[in-house]
Amino acid sequence: MPINEGHNMISKFSGFFRAPRSGEYQFMISADDRGALDIAAQEDGGNPGQYVGIPNDADRANLVNVISVDSHTGYRTYRNENQTSAKITLNAGDLYYLEAYHQENSGNDYFTLGVIIPGETDSKDALPELQRIAITDCIENYNTFTFTPSATAQELQFYFAWKNHSSLFWDVLWDRTTDSFAVGDAADAELQLARKGYESEVTIDASGQYTVKILTRVDADLVAYREDGGANKQIDPIPEHDPQVLGNFKIFANGQSSYINYNANEGQVISALRDLGFDADISVWRSGDVRDGATWDIQFSSRDGNVPQLTIDENNLQGCNENLDDNINIELSTIRDGDETVLYYEIIPQQYLSTHHDSAQITVTSNGMRATCKRSVCDYEVLTTGIPDVYSVSNTGGNNWRFLVSAIGAFTEPTVNFGFVDCTVNSYDTATTPGEAIIDVTCDELESGSHQPKVHFDDFGYASVSAAPEVISPVVSSVTAYGAEANPYGGNTLIITGSGFPHNKEIALERELEIRVDSAICDIIFDEDYPSYTEIRCITTEKDAGDTDADVTISLNGGIVHTDTSLDYMVAYPQNLVLSDTEVSPVVAFTLTIDGNNFDANKDDTVVILIDEDGVRHTDRCLPSSSTTTQIQCSFLGVQSGVYDVQVQTSKGYSSYSPSQLTAVIKVDGVSPASGSLQGGTLITISGGTFSDTVSQTQVLIGDLRDWVECDVVSSSATEVTCVTRAINEYMSADEDYEVTVATRIQEESVCDGTCHFRFSDASTPKINSLNKNVVAPGDTDFVLTGSNLAGTGTPEVAFNGQDLTVTASDATSITVTVPSDIEPGTAGVLSVRVPGLGDADFTAGTDSIDVSLVLSSISPTSGPAAGTLITVNGLGLNQGVSINVGDEECEIRSESATAITCVARNSGSVAASVGNIESVTCGSCSFSTSSTGAPDLASVAERSS
């Protein structure tokens with residue numbers, strides 16, 4: 001069926017399929033929005049060549065549903081299992097009745113029916129192989145902000161802006177009564193909230209200030225809210241985004257490999273497959289976005305047999321929050337194997353389709369059911385002789401016409417349509433001349449053009465017409481424009497009044513209605529009011545070079561039917577445009593001022609137009625905020641990078657073009673320092689112009705299209721961006737210059753206008769070669785890291801498992817640190833070192849891991865009474881839940897600090913400390929002995945009277 005023919009409809013198609021050979025067939029459908037296919041089962045005992053007839057009410061049970069598709073598919077693609085029937089055995093030469101259904105709701109619509117036919121075939125129509133690559137992401141975005149709603153506010157509504165798009169949307173309502181969030185207009189708020197991927201946390205302090213944290217699983221940022229549907233209130237939330245999915249993955253086949261970008265389009269995937277040596281036909285369909293789950297379906301022609309299964313290496317993909325265990329997932333599978341033993345047709349060829357009857361048929365349908373015709377009872381004969389004929393057409397004054405008709409039988413009075421108008425029959429005379437009729441009619445609002453009448457008799461049909469077409473010209477009463485002048489740059493409205501004009505868009509297009517001012521086209525306005533029988537309106541376009549007169553011509557059916565010479569070209573049109581800025585950021589909003597002459601004083605009649613290098617006119621990128629006759633100010637909302645001509649439209653039409661063009665570009669002209677550590681961690685400053693002043697809108701990449709790493713943005717202003725480099729990846733090379741690119745969240749990238757490179761340099765990489773100990777204690781003051789290139793522009797930063805250690809001394813070859821006293825004993829982990837001005841250090845294998853343990857140095861006293869002695873145990877790391885044992889009994893702790901624990905000892909033995917997975921740490925002098933002397937002796941206990 002034709003594509004995009006309407007909305008909210010259901011269609012049924014029926015006919016016969018003639019099987020060219022015996023064997024197993026499969027039918028396929030593609031549909032938007034839904035589709036189904038039924039086939040009539042072969043009757044028992046059917047002979048070869050016998051078709052299965054159209055089912056009637058009694059035997060519709062013979063119809064079997066073989067395909068049912070409940071959601072839209074790709075056009076003329078059969079990539080999903082439910083689009084293809086099971087194998088059906090058909091007999092050569094038999095006709096099989098097919099009945100297909102198509103449902104369209106809104107948007108695109110199409111329906112196709114294909115077939116797989118058994119038997120040997122050439123490679124051109126062989127069944128192609130289909131493989132699928134699916135990549136999914138786990139983006140979570142938080143927006144945290146505080147506000148104090150008005151005391152009377154009952155409901156808040158929040159305003160989101162999609163990333164990578166300019167569109168905004170209202171969503172998520174807050175209700176004071178329940179202190180809860182829900183999705184607007186949702187019958188089931190919790191269900192809709194989960195479906196849209198929102199989660200929220202709300203807290204309120206004593207002063208009535210709310211802190212709101214909203215999680216969205218779509219790329220949207222919060223920008224404003226409003227109370228009870230009132231005015232917008234801007235807010236400045238703190239966004240927290242999971243790392244954007246970036247990078248590429250590697251595919252392997254035929255002993256070769258190639259890279260595919262994480263967000264590649266169909267053409268880029270085909271190019272990568274060509275690099276792997278595939279030279280047969282390849283089709284690729286991409287669906288979805290990488291953030292929600294992008295899928296590439298790859299169809300290979302099978303002329304070389306089945307295609308080997310592709311394999312994937314996903315290690316170079318970056319993004320998602322690894323701490324939440326929600327990493328990227330990528331899968332590859334074979335959806336359908338190729339097969340050279342069958343014929344594959346996306347659309348069933350005409351030679352396999354037919355009707356059962358050789359002559360034209362009359363069909364009768366009642367309540368959606370078509371009646372069954374037996375033999376030839378529905379045959380219809382088209383007559384070629386004895387047909388009434390209109391042989392004369394004449395005007396009898398004004399809107400009155402006379403038609404002479406020959407070969408008239410005993411027919412009832414006809415109906416007449418002339419020039420697309422249903423005419424009133426005034427008289428029908430069949431008596432004056434036997435076998436002929438005189439028909440007098442009145443046809444109001446007769447359109448201009450070349451017309452022949454349509455005369456219809458209810459008891460016969462339409463008469464033929466041998467009379468020459470009647471040519472009727474339109475009548476033009478007036479042609480008016482703004483100030484009776486035509487703007488030489490176009491944009492003002494012409495109003496043409498008169499009669500005989502095509503009265504709607506369809507007729508105007510069919511009649512090739514055209515209006516020109518000199519040689520320039522005037523764009524006809526098509527809406528529910530225009531064109532009409534009495535009026536046409538059009539918008540003028542820029543006059544051609546050499547045009548001097550504003551003569552207006554009206555053409556129909558390829559010929560000029562009227563010329564008007566009453567208009568002249570305008571002199572006081574908007575002109576002499578001067579721009580306040582000629583080089584701007586494509587993503588940063590600002591106010592553009594345009595000076596000139598003959599503007600409108602009303603901004604509502606003013607439009608600022610940016611015309612890109614492809615000639616596309618953008619009317620919504622700089623919205624007028626004020627206008628006088630000599631100056632316009634507009635709010636620039638951002639455009640794609642490029643060079644734009646600027647033009648203004650007012651009530652007088654278009655202005656002349658600005659002599660200066662508007663260039664939207666992000667420029668990088670310097671990178672400092674120009675080299676840094678292979679391990680990343682280098683703070684670099686990027687200078688240039690027209691950057692964004694928002695960190696969340698800025699991205700920095702180091703490398704080329706395939707091999708690059710991100711630089712984490714620290715700050716961003718209009719002229720400077722700072723970021724911290726990440727470690728070089730396995731596909732990049734040391735000591736090679738890589739271009740630094742500043743990009744934005746709407747995927748605008750900078751251009752280089754100076755020195756724009758950074759080098760991951762081995763010579764600039766700090767190195768740690770050895771540690772003076774691999775086991776440290778909390779509070780250690782003599783932990784030393786030794787290496788080279790450790791002197792940068794400031795004090796090095798050392799951390800253990802992300803916790804900072806205190807640097808007490810450092811030089812080019814060593815760093816001395818103090819271990820925090822509150823670090824937990826029993827911890828094992830890794831060290832990191834960052835040298836300001838150079839970056840992160842590279843550790844020799846085995847030198848970046850240490851263990852944290854306890855240290856006991858002494859006890860005092862070393863002996864005492866067995867009844868109980870308060871002893872002091874000295875050491876390091878002793879305030880982290882440490883227990884003390886003397887021999888095989890626990891020492892009762894009375895006080896503790898990082899360096900000493902006091903406890904009561906009641907038996908002899910070695911003094912040992914334990915915590916977590918650290919057991920029995922002691923020292924050489926840590927032994928305690930008990931004695932029976934020296935302890936107080938209780939002689940008696942007596943009751944004391946009060």
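User: What is a disulfide here, and how many are there?
Analyst: A disulfide is a pair of cysteine sulfur atoms within 2.5 Å. That rule gives seven disulfides. This is a predicted model, in which local features need pLDDT of at least 70, side-chain atom pairs count only at pLDDT 80 or more, and totals for chains, interfaces and linings use all residues. Residues are numbered from 1 along each chain as its sequence is written, and side-chain values use heavy atoms, with hydrogens and water left out.

User: Which parts does the pair Cys711 and Cys723 tie together?
Analyst: Strands (E) are DSSP runs of at least two residues, and helices (H or I) of at least four, numbered from the N terminus. The sulfur atoms of Cys711 and Cys723 are 2.2 Å apart, and the link is right-handed, with 95 degrees about the S-S bond. Cys711 lies in strand E62 (residues 708–716) and Cys723 in strand E63 (residues 720–725), so the pair joins parts twelve residues apart in sequence.

User: Are Cys711 and Cys723 buried or exposed?
Analyst: Buried means under 20% relative accessible area, exposed over 50%, and partly exposed in between (1.4 Å probe, protein chains only). Cys711 is buried at 1%, and Cys723 is buried at 0%.

User: Why is the disulfide of Cys423 and Cys443 right-handed?
Analyst: The torsion about its S-S bond is about 105 degrees, so the disulfide of Cys423 and Cys443 is right-handed. Cys423 sits in strand E32 (residues 421–429), and Cys443 in the loop between strand E33 (436–442) and strand E34 (449–451). Cys423 is buried, with a relative accessible area of 13%.

User: How far apart are the sulfur atoms of Cys923 and Cys926?
Analyst: They are 1.7 Å apart. Cys923 and Cys926 are both buried.
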